[in-house]
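Let's take a friendly walk through this model, one topic at a time. Have the viewer open as you read.

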Amino acid sequence: MNMELSRRSFLKTSGAGIAGTSLGAFGFGEAEAAVASFIKPFHLANTTEARNTCTYCSVACGIIIYSKGDLRKGEKADIVHIEGDADHPTNRGTLCPKGAALRDIVKSETRLTQPMLRKAGSDTFEPVSWDAALDKIARMMKDDRDANFVATNKDGVTVNRWLTTGFLAASATTNETAFATYKVVRSTGILAFDNQARV
Amino acid sequence: MFPPIPNPSVSPDAAKPRFGEKDIMRRSASEVTPPAQRLTEVAKLIDVSKCIGCKACQAACLEWNNLTEEIGFNHGVYENPMDLTPNTFTLMRFTEWENPETENLEWLIRKDGCMHCEDPGCLKACPAPGAIVQYSNGIVDFQHENCIGCGYCIKGCPFNIPRISKVDHTAYKCTLCSDRVAVGQGPACQKACPTQAIVFGTKQEMKDWADFRIKDLKSRGFENAGLYDPQGVGGTHVMYVLHHADQPSIYANLPDNPRISPIVDAWKGVTKYVGLAAMGFAAAAGFLHYVVAGPNRVTAEDEENAEKLTEGKGPAKGPPSAPPPAPPSGPAGHEGRAT
């Protein structure tokens, strides 16, 4: 900035400045007027709660999912927070670091939200419908089992093994689901059977 | 186990904060009238002996405060990130310590973060009015719209906790989840902790719970087990149960005897008053001199000499090379006549 400033007016201005700030420092005038302060509003107010089970391991901790946006009014609901359920007997509200960061898996860009198929010879996955995926899995399992099922061992003892296919089940299930899964998988003769909690 | 705090309510009535502006006990760089009645002091108790270092508290803290940490690098140690950041309000610090008495390797894990001192060094050092406030329940909270990002709070903090954000250039640290505490909840880290190494309640409840824990630890052979509630900063509202309370510094340099830096104390105490006194004295002396001696007048002789100087006819002092400036526009001559 280029302005005409004589020595005298420079001294006058700075003198006034010093006088003003000194008065402020001495507490005259509202130089240090109080400024409003506040506590962040509690952001779970007016959200919708949904009880659920953590997706990760077989401990199956209870969680509460808080979402904003009322579906009944035609709004789009969005998950804003997930935390442990203090009423749940397994975890009493606590969570492990993975569980504590559950919202990030919900929002993750790499999260799998639909069945994907990589066709033979292709290098990319493409989305397919659930029906197509289940049909394909059933067809391939049937073909594989027909070809490789071991009914008896070399001594002629009945063993009913199916060693060429494995099954990986979810861990965050109820006892009833787990029971049914176990019965279905074992009844086919599959031996390689585990759940994702050990992965 | 310590009884868990019930789930938060989502009803708007329950979300009304139970403390606020009227409960402010101290405010940075300003005078406040402390509230007539203090709220019950709250405290978070971190039992280092129960901590498994899972970092659920760290994850829960980021989640609750809607923060994300940059993807970092593996430095070959368990700390992640390597230090507190403007987003990481709390950090697990891991120390491998060989106990000289038993020759056992002990893995000491401490949850680092703001201690919410009764006598907060950050607040004392802060020059921005209202950027740091202390509520009468003991929570020390930063008000970002008043923060000027000078970083004095870091110098003032005996525990080296606040960090300046490179995004908005203001200081950040743990708020003790003031928004949750205001609706009767505990902080997010406390709720997530799977081993109840973190518990939250009134300060007295926490002291009693710590006594129970210390008794238990002593019965297990930790003779020096004790509570870390340093009196050098008037006590804290985040306390540790340490199995070696006689030497807190082995826990990733937890200060043995934390106190506000004497430089901060002097700068904000004695120096301030001495400075104010000097200013007041200078003003008074100036006024007195004006009354007694009057203003400084320019004599006719001085004026004449000045005229000679500006015309370049001054004895030996005139600029030899520069052409003589035009008399009316010369700065000295102009100023001399104008007033």
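## A strand pair in chain A

In this predicted model, strand β2 (residues 62–68) of chain A is joined to β3(A) by six bridges, and the two run antiparallel. You can pick out one of these positions by eye: I63(A) has G84(A) in β3(A) as its bridge partner.

## The sheet around it

Zooming out, which order do the strands take? The sheet is an open one of three strands, ordered β1-β2-β3 (chain A), and its pairing is antiparallel. The edge positions belong to β1 (48–53) and β3 (78–84) of chain A; each has a single partner strand, so one side of each lacks a neighbour in the sheet. On average, neighbouring strands of this sheet are turned by 30° against each other, direction ignored.

## Where the chains meet

Now for the contact between the chains: 36 residues from chain A and 39 residues from chain B take part. On the side of chain A that touches chain B, the elements giving two or more residues are α1 (7–25), β2, β3 and α2 (97–100) of chain A. Which of them gives the most? That is α1(A), with four residues.

How does this side of chain A divide by class? It has 18 nonpolar, eight polar and ten charged residues.

Key
Residues are numbered from 1 along each chain as its sequence is written. Chains are lettered from A and ligands numbered from 1 in the order in which they are written. This is a predicted model: local features need pLDDT of at least 70, side-chain atom pairs count only at pLDDT 80 or more; totals for chains, interfaces and linings use all residues. Two strands pair if DSSP finds at least two bridges between them. Axes are lines fitted to C-alpha atoms, for helices over the stretch in contact, and angles run from 0 to 180 degrees between N-to-C directions. Two residues are in contact if their C-beta atoms, placed from the backbone, lie within 7 Å. Ala, Val, Leu, Ile, Met, Phe, Trp, Tyr, Cys and Pro count as nonpolar, Asp, Glu, Lys and Arg as charged, and the others, Gly among them, as polar.
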